[in-house]
Amino acid sequence: QVQLVESGGGLVQPGGSLRLSCAASGSGFSINVMGWYRQAPGKRRELVATITSGGSSNYADSVKGRFTISRDNAKNTVYLQMNSTKPEDTAVYYCYAEAYLYIFGYSRAYWGQGTQVTVSS
């Protein structure tokens with residue numbers, strides 16, 4: 001199975017930067033898509049950004065031009081560089097991975113435990 005461990009959340013002032021990391025561990029899998037979702041209080045979980053193993057990325061309109069997703073395939077790690085942050089970016093950020101499990105012959109989704117990001121002065 002796959003375990004996802006996030007790090008890098010915290011408090012940042014508006015306009016500041018923060019970098020999130022998420023490492024996948026385990027054995028017997030390969031990961032196609034990795035990404036980040038977020039959930040603010042009282043709101044539904046929403047896509048932030050995703051990236052494939054080939055490097056194709058996708059962003060929510062609300063973060064385009066401010067956030068950058070990247071990935072180290074050798075380390076099964078995905079990063080989210082958050083620049084020009086806004087108070088509305090405040091949320092719990094969840095790491096996501098779509099992993100192909102060799103022993104079962106199918107893919108399934110995995111989620112991290114979430115890391116809090118607060119943008120406030």
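This is a short chat about a few residues in a predicted model.

User: What should I know about the model and numbering first?
Analyst: Residues are numbered from 1 along each chain as its sequence is written, and side-chain values use heavy atoms, with hydrogens and water left out. The model is predicted, so local features need pLDDT of at least 70, side-chain atom pairs count only at pLDDT 80 or more, and totals for chains, interfaces and linings use all residues.

User: Where is Glu6?
Analyst: Glu6 lies in strand E1, residues 2–7. Strands are DSSP runs of at least two residues, numbered from the N terminus.

User: Which side chain of opposite charge is nearest to Glu6?
Analyst: That is Arg45, 7.8 Å away. Glu6 is buried yet has no salt bridge. Buried means under 20% relative accessible area, with a 1.4 Å probe and protein chains only. A salt bridge needs a side-chain nitrogen of Lys or Arg within 4 Å of a carboxyl oxygen of Asp or Glu.

User: Which backbone nitrogen does the Glu6 side chain reach?
Analyst: The side chain of Glu6 reaches that of Cys95 at 2.6 Å. The backbone nitrogen of Gly114 also lies 2.6 Å from a polar atom of the Glu6 side chain.

User: Switching to Ser21: buried or exposed?
Analyst: Ser21 is buried, because its relative accessible area is 18%. Ser21 is found in strand E3, residues 18–26.

User: What does Ser21 touch?
Analyst: Leaving out residues up to four places away in sequence, its contacts include Glu6, Trp36 and Tyr79. Contact means heavy atoms within 4.5 Å.

How values were computed
Helix = DSSP H or I, 4+ residues; strand = E, 2+ residues; numbered from the N terminus. Buried < 20%, exposed > 50% of the residue type's maximum accessible area, 1.4 Å probe, protein only. Lys, Arg positive; Asp, Glu negative; His and termini not counted. Polar contact = N/O pair within 3.5 Å; in protein donor to acceptor, adjacent residues only side chain to side chain.
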